[in-house]
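Good morning, and thank you for coming. Please look at the sequence and the structure as I bring them up, and we shall then go through a few parts in turn.

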Amino acid sequence: MRAIRNRLRPRIAAWAWWQKLLVVAAVAAMAAGLAIFVYLDVHFSRMIDARLSGKVFNHASLVYAAPTPVHVGERATAEEFEAKLQRAGYELPGKGSAVGSFEAEGDKLVIRPGPASFFHGPAIREGPAVLTFHQNHIAAIRDAAKGTAFQDYWLEPEVITTLFGRSRAKRRVVRYQELPKVLDGAVIAAEDHRFFSHHGVNLFRILGAALADLRAQRAVEGGSTLTMQLARNFFLTPRRTIRRKVEEIFIALLLEHRLSKEKIFELYANEIYMGQRGSFSIYGFGEAANAYFNKDVSNLTLPEAALLAGMIRGPNFYSPYDHPERAVARRNHVLREMVETGYATRNQAAEAVAAPIGVTRENVEASQAPYFVDMIQHELLDHFSEEDLLSQSYRIYTTLDLDLQRAASEAVRTGMAEVDQRIGGRRRRKNPPAPGGPKEPQVALVVLDPHSGAIRALVGGRNYAESQLNHALAERQPGSSFKPFVYAAALNSALDGSQPVITPATILTDEPTTFQFGGQVYAPRNYEDEYLGQVTVRQALAHSLNVATVSLAQMVGYEKIKDLAIEAGINNGLQATPAIALGAYVATPLEMAGSYTVFANSGLYEKPQSILAVKNDAGQTLYRDPQVSRQVLDPRVCYLMVSLMESVLDEGTGEGARSRGFTLPAAGKTGTSHDGWFSGFTSNLLAVAWVGYDNNRELNLAGASSALPIWTAFMKSATGLPGYDGVEPFAEPQGIVSVPIDAQGKAVAENSPAKVRDEVFIQGTEPQVQNPLERVGGILDKFFHSKNAPNPPANAVAPSQAPSSAPGKPQEPAFVENSPKPPQPQKKGGLLKKFLSIFRGGGSKHEPSKPSNQSPPNPP
């Protein structure tokens, strides 16, 4: 070494000064370069370590629908059930799904719930089973181990969507092993042919892309490898600068050195932006498969994988919804690239090119129930932090039925098209709406299981992407859809000892009438100022007669009506004034749906419920929606009310449901305030439809012309679905009798020509056929003692026009029926609150108009 130095020293001494300076500069540059390299290595290594430590992505909670009950004899095919199970997270045996597995064996389908199954909890437990199919029906259900025969079985809940944060971004994290080979091949063919052979940077591709850009004088081709794209999206900002490109290359080299190709591809597959779906940003192929094809990523087909891979370069530019022609052309280009790179054969590519685009219809309301998901997310935030909901992989099991949700969404779509057509026709005849007002009415549809309160479907608006306001939770005047509570409080007089005893045959007077309350005079009017004179309670409700209803409310007592409605789940904002009789106080469609469970469930109130359970990764149940249930009405009173509301559909304001082809047993009530309502139910489903403007201006369409068509379309579809097709007549409880009556509500003989119908009564309140001798005596008595007196029906009650002695106290009528039982203690009401002088409500045939002598204040 010393010898070498001795030989070099004379030569170096002979160098010129500039040569020495050049050498020093080179050494300094090398040292500086090495220092920079070390700095960058340390800096970006720390960045990578920090980004990849722990959970790389927030593992947002998954929202599931309700489990699906199936039974022997049900219409179904093995293929349909396979698709359901795949959407629930089941896979073929050996694929490693913790949720469960399934396997088709001829006409049999073997189902094995896994350790992460919903059925490994206390609510419902299901084990492995074998379902046999024959001629598109379930022929048998047996225990997979013991062979025991079952009549029914539960299928795993399907995934609806993932929860989201303030950024409204959705991502469903997947493992590399879950990605199908066709997707791997499609992405590599579309974005990086040499992914598995390069070391993070493809210099030839970068140079080729640069030349293409120079020739076109604009950016036309990307030179980044998948690893460079991951570096850019995962670690860097989107700014396009030379410095960022250098950093991108450096990080890509580090990633290739530290991670396997499979891990890099997995990170890329979860990070890549895949466009907008409604108001949500979609990230990763796991969420994109669900958003665009409503399926698990592992089940993507070749044309579907090619479509997603083609969207990477411009997710919104190649959107299959906004630009289907571009999307198909790009997909077909990817398929040709797959043939060139050996990821597909020519025959496979040809079949894929001929396939339709195949994306689900752009109806987020149907597939992902966004208003419902928003609602449960707000509820969950009362019990969990947003950070936990977005990072702890909770499994949130809900009450939603996806088949009913699709039916509800379609009913809203077709029903609102009809509403738009009606409003459009009216606008052509009249002046258009005031400038600045909303362009179109909004809608809500709430569907419950009336026997449990479970929310089975919920649509909160026309288009979630345009407005996230959930109208199912918006407070609006329910109008005449509130009237059943007036009549229920009246019929309850048969049991609570109050007078008069009201029955469905009680005669009310329907004529222009003034009412005194709190020192003021009220003059409600019927729809279109039509009055029917003497009517029965049944006719008054069926035809939504306002004057007769307010008269009945005054006799019953406004406080009783208020207490009953609050007990049935309507908010405490109700006030005991005449306005309550016509639904002038606000309630939400969800509240109205819950309150109607009282009528549909033998008098038992069931609070609407949306969450079955929240479970963590270990399967522990962290939260359940508390169930609230209470008896509000006697089953006999409830049955009378159901019978009265059946008349609404069969002969009253809701008869449009029958003319539209819905013929199954059902009951309900129309309502019109500024908005349109219809609330109704069958033996196994309850639905409330609302239509109105966001700024509360007049819809100028009755409930029978706006909300009823939506309700009818939904019910016609829903009652054809398995599990909901067994609609039965409403069950009659003990203590109900049926009596033939005449037009005046008096009992007549079965074969009497005066008979108009068989009326139902609580036993002991029914009228009796009058003895002929008593009838003659009555005539003589009237002749000698009441020659000039009016002759009202024997069971009539007269509306009082005098001020009540105490607000809310029932008025003593001139004619009373016999009380069937000794009086029972009567529930006392509270103090009266500020009243309203507006009378709104009613259905399509006899709806209210404003009082002639009052300018209505704004209701609370």
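With which residue does Glu 256 form a salt bridge? The partner is Lys 261, and the closest N and O atoms of the two are 2.9 Å apart. Before I continue, please note that this is a predicted model.

Let me turn to other salt bridges. The count for the model comes to 32. One of them joins Arg 75 to Asp 725, with the closest N and O atoms 4.0 Å apart. Arg 75 lies in the loop between strand 2 and helix 3, whereas Asp 725 lies in the loop between helix 25 and strand 27, so the pair ties together parts that are 650 residues apart in sequence. Arg 75 counts as partly exposed, at 46% relative accessibility. Asp 725 is also partly exposed, at 41%.

Another salt bridge links Arg 462 with Glu 440, where the closest N and O atoms are 3.8 Å apart. Here Arg 462 sits in the loop between strand 15 and helix 17, and Glu 440 in the loop between helix 16 and strand 14, so this pair ties together parts that are 22 residues apart in sequence. Arg 462 is partly exposed at 22% relative accessibility, and Glu 440 is partly exposed with a relative accessible area of 31%. Salt bridges can also share partners: Lys 84, Arg 87, Glu 158, Asp 403 and Arg 406 are joined into one network in this way.

In what order do its strands stand? The sheet is open and has five strands in the order 3-4-5-6-7, with antiparallel pairing. Strand 3, residues 100-105, and strand 7, residues 149-150, are at the edges and have a single partner strand each, so one side of each is left without a neighbour in the sheet. Six bridges join strand 3 to strand 4, which covers residues 108-113, and these two strands run antiparallel. Glu 105, for example, has Lys 108 in strand 4 as its bridge partner. Helix 3, residues 78-87, packs on the sheet and touches strand 3, strand 4, strand 5 and strand 6. The direction of helix 3 makes about 20° with that of strand 4.

My last topic is a pair of helices. In general, two packed helices are described by the angle between their axes and the distance between the axes. For helix 9, residues 284-293, and helix 10, residues 302-311, the axes come within 11 Å and cross at roughly 115°. The crossing is right-handed. Helix 9 contributes Phe 285, Ala 288, Ala 289, Tyr 292 and Phe 293 to the contact, and helix 10 contributes Glu 304, Leu 307, Leu 308 and Met 311. By class, these are eight nonpolar residues, no polar ones and one charged residue.

How many of the ten residues of helix 9 are buried? Ten of the ten are, so helix 9 is largely enclosed by the rest of the structure. Just after helix 9, Asn 294 takes a positive phi of about 55°.

Note on methods
Residues numbered from 1 in each chain as written. Predicted model: local features only at pLDDT ≥ 70, side-chain atom pairs only at ≥ 80, totals over all residues. Heavy atoms only, no water. Pairing = 2+ DSSP bridges. Helix = DSSP H or I, 4+ residues; strand = E, 2+ residues; numbered from the N terminus. Contact = heavy atoms within 4.5 Å. Axes fitted to C-alpha atoms, helices over the stretch in contact; angles between N-to-C directions. Left-handed = near helix turned anticlockwise from the far one by under 90°. Nonpolar A, V, L, I, M, F, W, Y, C, P; charged D, E, K, R; others polar. Buried < 20%, exposed > 50% of the residue type's maximum accessible area, 1.4 Å probe, protein only. Salt bridge = Lys/Arg side-chain N within 4 Å of Asp/Glu carboxyl O.
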